[in-house]
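Let's take a walk through this model together, starting with one residue and then zooming out to the whole chain. Keep the viewer open as you read.

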Amino acid sequence: MNPNEILNESGQDTPRVAYFPVSFFSVIMGLSGFTLAWKGADNLFFHNSAIWLCLAYVTSISMAVISIIYAIKIWRYPGAVLEEVRHPVRINFVPAFSISLLLLSVVWQQEIMVATTLWGIGSALQIALTLYVMSSWIHHTHYTLSHANPSWFIPVVGNIIVPITGSQLGYTELSWFCFSIGIVFWIVLLTIIMYRLFFHEPLPARMTPMLFILLAPPSVGFVSYIGMVGELDVFARIIYYMALFLGLLLAMNIFRFLKVPFCISSWAYSFPLAALTIATMKMTHLTSSLFFQALSGVLLCLLTVLLSWLVVRTVKAVFAAELCRPE
């Protein structure tokens, strides 16, 4: 049997591309966040654009490769794609594609035409996917409370990313529209997910890394909000310190995360930690505080170690044919 193929239920060989998960776009989210963190570090510490620029090209090429592979899956195995779209958990990762486009628009923000194109496509898709996923939630026939997990933030709260580039391009009202959707439903979904975590069974081991997604909404929300209002006000402080508290809470449980074996969901560690790092760098600029500057350096070091580990483990898993298998 070809090593790039696996046996399906009928005993026939099926190419691995049929099992290529849409959650692979979380890799792009992580790489984009890592790139933006180093872009922020360039302004704060190093003043040398070579590192973040190299990362920007690596991230863009990775986006192209993953998009091509998933496009092949759509073309050859539309049934497998529909299965993901209808799955109560995997559906939440479909908007990871539009979020990846939005993040790349931030990465290439200095290239106006590129940023505008990526932002326009990403924003339209994000709003459309938000409407689709929320309609699925409302008119569901297969959701239970056990399906609630932090990945629910992705389709709706992902709208918070829109204003980061949108406000810079002059799309003020659309930016506030998307920010309002994201921030309000962050509070709604946070309540639901915390209720599930407090009073029901814990997340399965392979979904444990998704707890880090709790960091993303307040961290990204802080960056977006500051971009629109331009100053550190009461609301900005509240959402930043909420992100910092959640970071401390997750840090206290670090040994639980270290016990979880690597899987594609491990990339859920990356973007949220990057978002907190970027938010802390923004806080450093706004307050000129040595504490936040030191914290930014620590978080950047942790993020670099984490991304290095994720990339190495992902490459090893790809060559060992551990990914893209039926669950």
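Predicted model: local features only at pLDDT ≥ 70, side-chain atom pairs only at ≥ 80, totals over all residues.

**A threonine on the inside**

Residues are numbered from 1 along each chain as its sequence is written, and side-chain values use heavy atoms, with hydrogens and water left out.

So where does T59 sit? You'll find T59 in helix α2, which covers residues 50-76. Helices (H or I, at least four residues) and strands (E, at least two) are DSSP runs, numbered from the N terminus. The T59 side chain reaches the backbone oxygen of L55 at 2.8 Å. Setting aside neighbours within four places in sequence, T59 is in contact with I28, L31, S32, T35 and L104, where contact means heavy atoms within 4.5 Å.

Now hop over to another threonine, T130, in helix α5 (residues 112-138). With a relative accessible area of 5%, T130 is buried too. If you skip residues up to four places away in sequence, T130 touches P155, V156 and N159.

S288 counts as exposed, as its relative accessibility is 64%. Its backbone is worth a glance: phi of S288 is near 55 degrees, a positive value in a residue other than glycine. Most residues other than glycine have a negative phi.

Time to zoom out. The protein has 13 helices and 2 strands. Its radius of gyration is 19 Å, close to the 20 Å that the globule rule gives for 327 residues, so the protein is as compact as a globular protein of that length. That radius is taken over C-alpha atoms, and the rule is 2.2 Å times the number of residues to the power 0.38. Along its principal axes, the C-alpha trace spans about 65 × 45 × 40 Å.

How much of the protein is buried? Buried residues make up 54% of the 327. As for contacts with a separation of 6 or more, 76% come from residues 24 or more positions apart.

How values were computed:
Buried < 20%, exposed > 50% of the residue type's maximum accessible area, 1.4 Å probe, protein only. Polar contact = N/O pair within 3.5 Å; in protein donor to acceptor, adjacent residues only side chain to side chain.
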